[in-house]
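Let's take a friendly walk through a protein model and look at how some of its side chains are arranged. Keep the structure open as you read.

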Amino acid sequence: MNIILFAIPVFFLLIGAELLAEKIRKTQYYRLNDALTSLSIGGLSRVTGVMKNLAPFTFYILIYEHFAFFELKESMWIYVSVFVLYDFLYYWNHRFGHEMSLFWAAHVVHHSSEEYNLTTALRQTSGSFFNFIFFLPLAFIGVDPLLLLSVASINLVYQFWVHTRHIKKLGILEWFLVTPSNHRVHHAQNKIYLDRNYGGVFIIWDRLFGTFQEELDSEVPIYGVRKALSSWNPFFANLQVYKLLMFDSFHTKLWSDKLRVWFGRTGWRPSDVAEKFPIEKVDLSKFSAYQTEISWKTKIYALLQYIVISLLVLFLLINASGLSISLQLGIAFLVIFSSVNLAWIMENRSTALWLEWPKFIMLMVLLSVLKLDISAGFIFAPILLSLFVLCQLHLEGDTNTSSQKTT
């Protein structure tokens, strides 16, 4: 059973509840463009995961079948023990994700939002190619692959609810569980909060290994990363740090530094590259979140596009096993293209609206190949509404251009 797939409707119900709390409490924890970017990044991670996770999981199965030291019998104690052990290994996976450049390049995506709400939880990476090695010890001790998938999914689902600012400290639970309060610390870029609170479900690992930091009333968390993304582009969000590491590795003169760039401490740069290509450090006292202003019609259109994208992602996740590789790649390409162009629309790029037309042509070709007709209202309704609003945006753009020329 795909626990993540069944949890998706619950995720969106909780996001709706948080938006209601936002309205009632008059907070400002959501911005449409930031939230849609988080959701788009999450969609990309699910799409790439369909194909990317096959090789690591196959490697895990090979070790389990041929090199396992024990044969574990099914029992509640085994399930609980594996769940706790998985979280322990997750702690070290997560810690390396912050403390080694290669792993940070993948994990930074999750921290790139400058807001903190339930959509941030879904801002997951598409580029975590090596994280599976941290969980291979489970194969050697005989943890069944299906049990691994189950505990990993439950661990991930648990982490969703802690990405909120609406829940304050939870008393005694703060001592042994990851809570919204101590996970807010983890997402903050304040100096006192950097590289703290790595646990997935249990905060006890941080307390044991000296990486725990309590959320302080005197230090309000500032979310995001020191080298701000400054973009709504989900594709760029996944490549941002990889691009910098490749740049530094190429330009440094020492061969040892070319390697150290990737496996050294996060943030380390070769002295010759840092001197020639300095990166300005963020002054948090003057911090301002990245923002672009778009019209209300553009906001409606952006929401409709996210609905179309998410339906494509959901269709792929549900039907992946019955689709050919070419169809899977076709849907994945369309999701990536649509997500990137949605970002460009929210960044007010002049060509973005025109690129929507070839997108819709590709979408209609895909739907005809899949043999989905107009009776599939779940996908055609948002498409037809999108086309109507897109025409309005083009007309509005033409009117604005004419007015400017007359003036």
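The charged end of Arg-260 sits over the ring of Trp-268, 4.0 Å from the ring centre. Here, "over a ring" means that NZ of Lys or CZ of Arg is within 6 Å of the ring centre and within 35 degrees of the ring normal. Lys-258 places its charged end over the ring of Trp-255 in this way, 5.4 Å from the centre.

This is a predicted model, in which local features need pLDDT of at least 70 and side-chain atom pairs count only at pLDDT 80 or more, while totals for chains, interfaces and linings use all residues. Residues are numbered from 1 along each chain as its sequence is written, and side-chain values use heavy atoms, leaving out hydrogens and water.

The structure holds 19 aromatic pairs; rings of Phe, Tyr and Trp (its six-membered ring) pair if their centres lie within 6.5 Å, and planes under 30 degrees apart count as stacked, over 60 as edge-to-face and the rest as tilted. Phe-96 and Phe-103 have ring centres 6.3 Å apart and planes at 85°, so they form an edge-to-face pair. Phe-103 is buried at 9% relative accessibility, whereas Phe-96 is partly exposed at 32% (buried is under 20% relative accessible area, exposed over 50%, partly exposed in between, with a 1.4 Å probe and protein chains only).

Trp-232 and Tyr-290 make a tilted pair, because their planes stand at 50°, with centres 4.8 Å apart. Trp-232 is buried, at 4%, and Tyr-290 partly exposed, at 22%. Elsewhere, ring pairs join Phe-88, Tyr-91, Trp-92, Tyr-198, Trp-205 and Phe-209 into a cluster.
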